[in-house]
Amino acid sequence: MNTIPIIIDEKKLEVDPGKTILEVCRENEIEILTMCHLKGVLDIGACRLCLVEIEGINKLLSACTTKVAANMIIRTNTDRIKKYQRITTELFFAERNHVCAVCVANGKCELQDLGYKVGLDHIRYPHLFPQCEVDTSHPWYVMDHNRCIMCTRCVRVCNEVEGAHNWDVMNRGHQVRVISDFNSPWGESVTCTSCGKCLHACPTGAIWPKAIVQGQLQKNPGMINELVEKRKMKL
Amino acid sequence: MDKRRIFISPVTRIEGHANITIEMDDNGNVSDALFHVNEFRGFEKFCEGRMYTEMPTITPRICGICPTSHTLASVKACEMIQGIQPTYTANLLRRLMHIGQNLSSHALSFFHLSSPDFLLGYDSDPAKRNILGIAEKYPDIALKGIRLRKFGQELSERITGKKIHIMGIVPGGMAYPLTEDNRKALLAWIPEAIETVQAGIGIIKKFHEENAEMVASFATSPTLYLGTVGPDGEHELYDGKLRFMDADGTILQDQLLPQQYLEFIAERSVNWSYLKYPYYKPYGFDKGFYRVGPLARLNVASRMRTALAQREFELFKQMNNGKPVHGAFYFHYTRLIEALSDVEDAERILNDPQVTSTHIQHHGRWNYEEGIGSSEAPRGTLFHHYKTDETGKLKMVNLLIATGQNNPSMNRSVLEVAKQYVKGDDIKEGMLNRVESTIRCYDPCLSCSTHAIGQMPMVIEVKDKRGVVLKRLERG
Ligand code: SF4
Ligand code: SF4
Ligand code: FES
């Protein structure tokens with residue numbers, strides 16, 4: 001296959017066309033922060049954490065949804081990018097109710113890790129403190145909207161990998177919510193197969209198993225792509 | 001002339017924030033004393049709507065000194081909801097962690113917060129009447145106290161990896177086992193810990209002898225007592241049943257299940273404090289004052305469970321011919337007897353061959369709508385009571401905390417001491433410190449903040465009824 005030349009952070013690379021900037025960066029160990037990206041399901045560019053600068057283009061583009069093109073000059077760690085990463089992270093925390101100290105995901109949370117990575121020491125925006133339901137109706141799992149960051153990894157995994165499409169999204173703006181079926185309690189779903197893939201896909205403490213408490217959470221988001229790859233093998 | 005008021009705010013060297021108002025009558029005599037708690041934390045309300053299994057993680061945040069007791073009461077309530085029991089090893093590990101917390105709390109109370117009064121004197125320079133002052137004059141004692149606290153914290157840390165807001169106590173048992181290396185490391189502490197507690201006992205006994213009159217007359221109102229006991233009435237902190245005793249030593253109720261607490265305890269709110277006022281229901285609000293905590297636990301107990309503590313306990317029992325000892329000052333002594341029993345008990349548990357077993361958790365799921373659990377916090381019995389819907393979501397949370405139960409008596413003790421030591425608007429620093437130290441006898445945990453060195457400024461105001469300040473005294 002023909003390769004194309006690009007430059008990322010002053011580094012000259014020969015890469016396969018058709019790949020996203022994110023894929024190329026991951027292959028070359030160039031760090032890009034992500035939250036809505038989950039290997040194995042389609043990228044949608046929702047979280048805006050993976051923004052990069054491309055020479056000649058004024059606005060920042062999301063690395064997960066932008067394909068490489070010949071002679072692209074890409075920057076991943078400028079002050080401008082760092083500024084936006086910090087803002088985005090702060091808004092995640094300000095939008096819902098995150099109390100890490102008592103959260104089941106404490107210490108095992110991608111959002112918390114992100115906070116540490118961008119050096120989050122305080123949040124400059126007023127918290128919205130929305131009144132969010134905790135959906136405990138499923139016999140095995142809990143859905144706590146207080147900790148959901150609307151990455152929709154659960155929605156995509158449920159639809160694309162499990163094929164159940166229990167989860168979807170309703171409303172706009174900060175009223176947006178993940179819903180089960182047509183906005184009914186998860187425990188009453190007629191589509192959910194209780195497979196637990198959404199739990200593993202979820203980067204935060206929003207979806208968790210009822211059987212555990214803080215310190216016992218095990219999530220394995222990498223398992224999603226493994227399943228996808230195994231299915232391709234057509235055994 | 002109008003009534004005058006002395007207002008002490010905030011009380012130093014206790015956990016949390018509090019104010020005391022002393023009301024004076026027209027002749028400059030103390031007529032009333034109110035101990036206010038102004039911090040409202042609303043735990044009960046904001047836990048509603050959460051999963052019951054989150055409570056063992058949420059409730060230890062109520063207090064940085066007694067998180068383990070909250071976790072234990074909470075997991076017990078969860079275990080009642082699930083209808084399961086922890087494993088044998090889990091019970092051992094929980095006991096160890098509970099002992100650790102009790103020890104470090106008692107060490108903090110005695111060595112850091114109270115020993116300055118005993119060793120430096122009530123009327124010594126307030127700027128130095130703290131652990132730093134002790135470190136200057138009695139470096140050996142200060143170090144011992146700090147190390148005892150460290151041992152207590154290690155008991156948690158070496159089991160769960162955390163010192164304060166511990167994880168790892170879960171419904172059905174424990175999340176982490178104890179390794180052989182950690183078991184050995186903990187055992188190595190025992191001789192030093194026993195020696196330190198005994199040194200503390202030496203200090204308090206000497207103070208008792210040298211200040212016999214003051215100790216004997218210090219806040220001595222009789223009350224009822226509540227504490228947890230084992231099947232034979234022995235002293236118990238983690239897992240037992242409840243005993244109520246009256247002021248003369250008659251056992252009013254014995255071997256009550258914690259689940260029956262509402263049959264015997266009622267609560268009333270008062271308009272000047274956020275703490276609720278619990279009382280012994282059969283005796284009503286006016287006569288039902290009861291106390292909890294180390295003094296109460298030793299008053300109600302028939303014996304201690306370990307040898308050295310039993311010897312001290314017998315001396316304690318002689319003080320009032322086998323009847324309950326009422327003086328608030330004896331909280332200090334009983335705290336140390338408990339600490340001694342803690343260390344001896346830790347040694348016994350660490351030598352149990354099952355302590356390092358990895359069979360540490362039974363697994364359960366929601367089965368019942370209601371759960372009640374109790375445990376003995378350093379400051380006394382606490383209860384957690386949850387009601388859930390059929391998915392496990394909390395509909396009702398009631399937390400009865402130790403300091404709340406001591407509150408009515410604390411108030412009365414403050415009044416007693418104020419009457420003895422405060423006259424007119426002639427307020428001397430040492431007198432006020434005595435009022436404060438009455439509160440400190442109970443070692444109240446009013447919120448989760450810890451002010452171990454107690455550099456909080458204190459403002460004392462003598463006010464008349466209209467709020468006009470007649471006199472103002474400041475320190476800090
Ligand atoms: S989901 Fe993550 S960030 Fe949110 S409260 Fe839980 S641990 Fe904290
Ligand atoms: S529940 Fe979890 S996976 Fe789903 S959108 Fe919210 S944060 Fe993302
Ligand atoms: S990872 Fe690219 S926008 Fe979320």
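B:Thr306 counts as buried because its relative accessibility is 10%, where buried means under 20% relative accessible area, exposed over 50% and partly exposed in between (1.4 Å probe, protein chains only). This is a predicted model in which local features need pLDDT of at least 70 and side-chain atom pairs count only at pLDDT 80 or more, while totals for chains, interfaces and linings use all residues. Residues are numbered from 1 along each chain as its sequence is written, chains are lettered from A and ligands numbered from 1 in the order in which they are written, and side-chain values use heavy atoms, with hydrogens and water left out.

**B:Thr306**

- B:Thr306 sits in the loop of chain B between helix 12 (294-300) and helix 13 (307-318); helices are DSSP runs of H or I with at least four residues, numbered from the N terminus.
- Apart from neighbours within four places in sequence, B:Thr306 is in contact with B:Ser341, B:Glu344 and B:Asp345, contact meaning heavy atoms within 4.5 Å.
- With B:Glu344 there is a side chain to side chain polar contact at 2.6 Å. A polar contact is a pair of N or O atoms within 3.5 Å; within protein, one must be able to donate a hydrogen and the other to accept it, and residues adjacent in sequence count only if both atoms are side-chain atoms.

**Interface of chain A and chain B**

- On chain A, 16 residues are in contact with 16 residues of chain B.
- The two chains bury about 1500 Å² between them, 53% of it on carbon and sulfur atoms; buried area is the accessible area (1.4 Å probe) that two parts lose on being put together, summed over both.
- Three salt bridges are counted between chain A and chain B, each a side-chain nitrogen of Lys or Arg within 4 Å of a carboxyl oxygen of Asp or Glu.
- A:Arg147 and B:Glu54 form a salt bridge through their side chains, at 2.9 Å from N to O.

**Ligand 2**

- Among the 13 residues around ligand 2, those that come nearest are A:Cys148, A:Cys151, A:Thr152, A:Cys154 and A:Cys202; a residue is included if one of its heavy atoms lies within 4 Å.

**A:Cys158**

- A:Cys158 belongs to helix 4 (residues 153-162) of chain A and counts as buried, at 9% relative accessibility.
- Its C-alpha atom is 8.4 Å from that of A:Cys192, 34 residues apart along the chain.
- Beyond four places in sequence, contacts of A:Cys158 include A:His165 and A:Trp167.

Terms used: Helices (H or I, at least four residues) and strands (E, at least two) are DSSP runs, numbered from the N terminus.
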